[in-house]
Amino acid sequence: MTGATTYLTIARDGQAEIEVKRSRFVCDLRRVDNEEAARDVLAAIRKQHWDAGHHCSAMIIGADASLERSNDDGEPSGTAGAPMLEVLRGHAISDVVAIVTRWFGGTLLGSGGLARAYGDGVRAALDELPLVRRSLVEEFIVAVEHDRAGRVENDLRSRGVQVLTTEYAERALILVGAAAGRRHELESTLAEVMSEHVDLIPAGSGWVDSAL
């Protein structure tokens, strides 16, 4: 999937809790851009839940999901991080870290029971969160007069154009996004909206989220 220009991720951070034979499993799902950020999240949760026995983790990062990590944090090998990672893979999401914190309830769960519990903790958290599609777009600036900016923005959105930001200087500068290779389509749409040809000013590229 090298060079991916679109992928799924969580729309926001979330948390869920399950109980299995009096053991508590709290899963925190966080959106992260890199491994360092994921480790910072893990450190903060360790500090917050200092009284817990385990803080197991799994992460998938990158548009091509090229970075995967998991850690059992003292649980029997393969009973925590791996099943958590498998749940993330099954949802085909990236740029996310899952941390399941466990408080022991006094009853041993066995390898199979642990694997199910840690996986179910991640599933429970994912069930509470919407997903978004993250796409790489080319960005362009459209310069229009102030009194036309609102109507132009609305008309572009109604035609499915991604309007990212608007800044007001001497003229209103509307930043729009288009999928790679779609510049000509954007120019045609803009000409319809403006009833005249308008030059697009290239402004680089970036990632944008859209609802599923």
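How do the residues of the lining of the largest pocket divide into nonpolar, polar and charged? Good morning, and thank you for coming. Before I answer, a word on the source. The model before you is predicted: local features need pLDDT of at least 70 and side-chain atom pairs count only at pLDDT 80 or more, while totals for chains, interfaces and linings use all residues. Residues are numbered from 1 along each chain as its sequence is written, and side-chain values use heavy atoms, with hydrogens and water left out.

Let us turn to the pocket. Rolling a probe the size of a water molecule over the atoms shows where empty space is left. On a 1 Å grid over the protein atoms alone, a pocket is an open set of points where a 1.4 Å probe fits, with protein on both sides within 12 Å along at least five of seven lines; lining residues have an atom within 4 Å of a point. The largest pocket holds about 230 Å³ of space, a volume being the space filled by probe spheres set on the points. Its lining has 13 residues, and Gly160, Val161, Gly177, Ala178 and Arg182 lie nearest the centre.

The answer to my opening question is 5 nonpolar, 5 polar and 3 charged residues. Here Asp, Glu, Lys and Arg count as charged, Ala, Val, Leu, Ile, Met, Phe, Trp, Tyr, Cys and Pro as nonpolar, and the others, Gly among them, as polar. At least two lining residues come from each of strand E7 (131–144), strand E9 (172–179) and helix H5 (183–194). Helices (H or I, at least four residues) and strands (E, at least two) are DSSP runs, numbered from the N terminus.

My second topic is salt bridges, in which a side-chain nitrogen of Lys or Arg lies within 4 Å of a carboxyl oxygen of Asp or Glu. The whole structure has 18 of them. One joins Arg89 to Glu68, at 2.6 Å from N to O. Arg89 belongs to helix H2 and Glu68 to strand E5, so this pair ties together parts that are 21 residues apart in sequence.

Helix H5 returns here: Glu187 and Arg183 both lie in it, 4 residues apart, about one turn of the helix. Their closest N and O atoms are 3.3 Å apart, in a salt bridge.

In helix H4, Arg157 bridges to Glu153. Arg157 is partly exposed at 44% relative accessible area, whereas Glu153 is buried at 13%; buried means under 20%, exposed over 50%, and partly exposed in between (1.4 Å probe, protein chains only).

Finally, a network of salt bridges links Arg31, Arg134 and Asp209.
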